[in-house]
Amino acid sequence: LVSITPPIKSHANAVANRVAKAYRAGDVIIIFNSTDADSRQFFTGMQSVIKQAKETANVVSVSSLAQLNESMSLTGANYIISGTTDKGQLKSLVDNLTSKYLENYYAIHLFGHPLWDRYDFSMYDDFANLNPIITTESNLKPWSTAVKTFKEDYTSSFGINPSDASYKGYDAALYFGGLINKYGAGNMRDKLLVEPYSGIFSSYKFKHNESYGYVNEAVFFKLYRGGSFQL
């Protein structure tokens, strides 16, 4: 089994490794647990991944805004990770962090669930001051020559603009078709772990799991600026 779409675990691991790499003495990494299923799934094993990457990291797990506020540092950076996709819980979190920022200018770096890309945060005037970052499976850059060329060719052939699935399918065809052409179908399995790929929409960096097969670990980061999350 080959999963070309990175599972939520790949997104969580990417966040864990990024905050661990950024961590310096005096900082705090705060895992803000919420009750919704997406949050619980996002945080499974995250603290262990952070500690494996940075053993000295100060990691705190909280489940209320009061605990969050008590754990925040005025002298170091606050790396706050939330996996909630519940709009009510998300509003409470953002309002609270914005209040803390305006109150004492806390250094806040908010990491969220990849589904935040679907939400409209324009109602929060100071949201950008929280330095929000999310992960994404896509590295699609509409302004690039490769994407423009594909879009023109696709529209010319089919009379409609390509969807995300169109770009994704194109990358999959190029990568797996290329491996088969280069090595033969019978030898492709051994090459998945040693031949990464970066396409117009997707990238592939596979790891093998005995239970789940080949899992794509390639994810990207989007920063919130100009009113939206951007690569």
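Q: What makes helix α5 (residues 87–104) a helix that lies across β2, β4 and β5?

A: Welcome to this predicted model! Contact means heavy atoms within 4.5 Å, and helix α5 lies across β2, β4 and β5. Its direction is about 165 degrees to β5.

Q: Which strands does α1 lie across?

A: α1 lies across β2, β4, β5 (107–112), β6 and β11 (220–225). The angle between α1 and β6 is about 140 degrees.

Q: How do you know that β2 and β4 pair?

A: Two strands pair if there are at least two bridges between them. Strand β2 (residues 28–32) and strand β4 (residues 77–82) have five bridges, in the parallel sense, so they count as a pair. For example, Ile31 has Ile81 in β4 as its bridge partner.

Q: Why are β3 (59–62) and β12 (228–230) said to stand at the edges?

A: The open sheet has seven strands, in the order β3-β2-β4-β5-β6-β11-β12, with mixed pairing. β3 and β12 each have a single partner strand, so one side of each has no neighbour in the sheet. From one strand to the next, the twist averages 30 degrees.

Q: What makes Pro114 and Asp117 lining residues of the largest pocket?

A: A lining residue has an atom within 4 Å of a pocket point. Pro114 and Asp117 are among the 18 residues that line the largest pocket, and both are among those nearest its centre, together with Thr136, Glu137 and Ser138. α1 (8–22) and β6 (133–136) each supply at least two residues of this lining.

Q: How many nonpolar, polar and charged residues does the lining of the largest pocket have?

A: The lining has seven nonpolar, six polar and five charged residues. The volume of the largest pocket is about 360 Å³.

Terms used. Residues are numbered from 1 along each chain as its sequence is written. This is a predicted model: local features need pLDDT of at least 70, side-chain atom pairs count only at pLDDT 80 or more; totals for chains, interfaces and linings use all residues. Side-chain values use heavy atoms; hydrogens and water are left out. On a 1 Å grid over the protein atoms alone, a cavity is a set of points where a 1.4 Å probe fits but cannot get out, and a pocket is an open set with protein on both sides within 12 Å along at least five of seven lines; lining residues have an atom within 4 Å of a point. Grid points are joined across faces, edges and corners, and a volume is the space filled by probe spheres set on the points. Helices (H or I, at least four residues) and strands (E, at least two) are DSSP runs, numbered from the N terminus. Ala, Val, Leu, Ile, Met, Phe, Trp, Tyr, Cys and Pro count as nonpolar, Asp, Glu, Lys and Arg as charged, and the others, Gly among them, as polar. Axes are lines fitted to C-alpha atoms, for helices over the stretch in contact, and angles run from 0 to 180 degrees between N-to-C directions.
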